[in-house]
Amino acid sequence: MELDYLKIRTDRGYMYGGDQSLFGKLSSHSGCGMIAVCDTILFLRHGEGYSPTLSEYTSFVEDVRDNDIYRHRLNLIGVPTGLIIKTLKKYTKKSFRFYGKGKFDRKGLGQLISDSILQGVPVIVRIGENGNRLPYKINFPASGNKTRTGKIRWHYITVTGLTDSETVLFSSWGGRGEMELDHLYRYFGVTGGVFLIDSLSLRTGRQ
C-alpha cells in the first residue's frame, strides 16, 4: 500500500515531496524536519493527488519556516519533536505524539505504519545517531529519474507506504526512497522514533 503522495511540479518534472536544499544554507543542514512537517501538512490539508507548483510549494514552506520552525531559534541539530507536534497541530488541527523505539517492537512498527497509511496519514520518522548504518535506495524523478544508494543517520523522512514484502517507501530530498522495515527498526538509532496521529497511537502504540 502506498499513498498518492505530494508531487511538486517543476520544469524538470515532479519532486516526490520537498527538499530542504531549496530553502537556504541553514535549512539545508537542519531542514529535513521542516520539510517533513510542511509536506505532511499539505498532504493532510489537500489529500491524495495534490500537486502544487514549485512556486506554490516554496511560498508555503517559507511561511512556515519563518513563522514557526526557525522563529527565535536556529535548530542547528534538527527540529525538536515538540516543535514538530506543535506545528502539525497548528496547521492541521490534528494532534500527534512522538514515540521512541522503545515503545514498539519490529512487528508493531510495521503495524503502526500500515494502520497510519490506511487512515491516509503519512508517518514522519526521526532517524537518530546510528553510526551511519541505515541503508536506502532513492529515485529522483525531477533529476532524470536518477537513482542513488547510501546510508542514513540523523535525518527525518516521511514514510508514505509499506509493501507486502515489507519494503518501506518514503519521501526525502525530493525523491521516492525505499528501505527494508527490518533495517529501519534495527537502525533507528539514539533518539529515533515515529510521529503518530493521536487516534492511531492510542489504539496501537505499545505503552
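This is a predicted model: local features need pLDDT of at least 70, side-chain atom pairs count only at pLDDT 80 or more; totals for chains, interfaces and linings use all residues.
Local features need pLDDT of at least 70 and side-chain atom pairs count only at pLDDT 80 or more, while totals for chains, interfaces and linings use all residues. Residues are numbered from 1 along each chain as its sequence is written, and side-chain values use heavy atoms, leaving out hydrogens and water.

**View 1. Helix 3 meets helix 4.** Here helix 3 (residues 54–69) packs on helix 4 (residues 81–92) at an angle of about 125°, their axes 12 Å apart; axes are lines fitted to C-alpha atoms over the stretch in contact, and angles run from 0 to 180 degrees between N-to-C directions. Helices are DSSP runs (H or I, at least four residues), numbered from the N terminus. That angle makes helix 3 oblique to helix 4 (under 35 degrees is roughly parallel, over 145 roughly antiparallel, 65 to 115 roughly perpendicular, and the rest oblique). Helix 3 brings Phe-60, Asp-63, Val-64, Asp-68 and Ile-69 to the contact, and helix 4 brings Leu-83, Thr-87, Lys-90 and Tyr-91 (contact means heavy atoms within 4.5 Å).

**View 2. Who sits around Leu-44?** Leu-44 belongs to helix 2 (residues 32–46). Leaving aside residues up to four places away in sequence, Leu-44 touches Thr-92, Lys-94, Phe-96, Gly-120, Val-121 and Pro-122.

**View 3. Leu-44 and Leu-6.** These two are 38 residues apart along the chain, and their C-alpha atoms are separated by 10.0 Å.

Conventions
Helices (H or I, at least four residues) and strands (E, at least two) are DSSP runs, numbered from the N terminus.
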